[in-house]
Amino acid sequence: LTRGAILKFSALVAGLLVLVPLIPFVLAQLDAAYREVDRNFAILVMIPFANCLFGPSDLVLNILGMRRTLFGAAIVGLVVLAGGTAIGGLADQLRGATIGAAVAYFSYHALIYMLCRRNAGIDSSVLSSRYDRRRAH
């Protein structure tokens, strides 16, 4: 799990270094209405970042048969996502809705990660590599 999380995180960082500078160029090729969207791309990067940071905690819970826990967390995540997107949209339209959705998604993965640590005793995050190295010495 740790190596997979590190590989995903490394791919995300490498992709960001290559793709983020190209966003203004790509958006310039589109209609003028799309030129304001480039700020939202930076916010939407939090979604794959959450996947990389917290690892496949949902998969671990599912494989271990903790489907009720996973389902309860999914319901909470759905409510947080709907609320965060709606509140963000009311506060700052598209940018606010983007921030609300990204924060809600990040929060959902943090919740799944904490449940995985507590209920299964498995740390699936990219940060677990640091703890694994300490335990090895």
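This is a predicted model: local features need pLDDT of at least 70, side-chain atom pairs count only at pLDDT 80 or more; totals for chains, interfaces and linings use all residues.
Modeller: Residues are numbered from 1 along each chain as its sequence is written, and side-chain values use heavy atoms, with hydrogens and water left out.

Biologist: Which residue forms a salt bridge with Arg-117?

Modeller: A salt bridge is defined as a side-chain nitrogen of Lys or Arg within 4 Å of a carboxyl oxygen of Asp or Glu. The count by this rule is one salt bridge. With the closest N and O atoms 3.2 Å apart, the partner of Arg-117 is Asp-123.

Biologist: Is Asp-123 buried or exposed?

Modeller: Buried means under 20% relative accessible area, exposed over 50%, and partly exposed in between (1.4 Å probe, protein chains only). Arg-117 has a relative accessible area of 40% and is partly exposed. For Asp-123 the relative accessibility is 16%, and the residue counts as buried.

Biologist: Where is Gly-55 placed, and with which residues is Gly-55 in contact, leaving aside its neighbours within four places in sequence?

Modeller: Helices (H or I, at least four residues) and strands (E, at least two) are DSSP runs, numbered from the N terminus. Gly-55 sits in the loop between α4 (46–54) and α5 (57–63), and is buried at a relative accessible area of 6%. Contact means heavy atoms within 4.5 Å. Beyond its neighbours within four places in sequence, Gly-55 is in contact with Ala-50, Ser-124 and Ser-125.

Biologist: How many aromatic pairs are there?

Modeller: Rings of Phe, Tyr and Trp (its six-membered ring) pair if their centres lie within 6.5 Å; planes under 30 degrees apart count as stacked, over 60 as edge-to-face and the rest as tilted. By this rule, the number of aromatic pairs is three.

Biologist: What is the angle between the planes of Phe-49 and Phe-106?

Modeller: Phe-49 and Phe-106 are a stacked pair, 6.2 Å centre to centre, with planes at 5°. The pair links distant parts of the chain, 57 residues apart, with Phe-49 in helix α4 and Phe-106 in helix α6 (residues 67–120). Phe-49 is partly exposed at 28% relative accessibility. Phe-106 is also partly exposed, and the angle between the two planes is 5°.

Biologist: Which residues do ring pairs link into a cluster?

Modeller: Phe-54 and Tyr-113 form a tilted pair, 5.5 Å centre to centre with 35° between the planes. Because Phe-54 lies in helix α4 and Tyr-113 in helix α6, the pair ties together parts 59 residues apart in sequence. Both Phe-54 and Tyr-113 are buried. The cluster linked by ring pairs consists of Phe-49, Phe-54, Phe-106 and Tyr-113.
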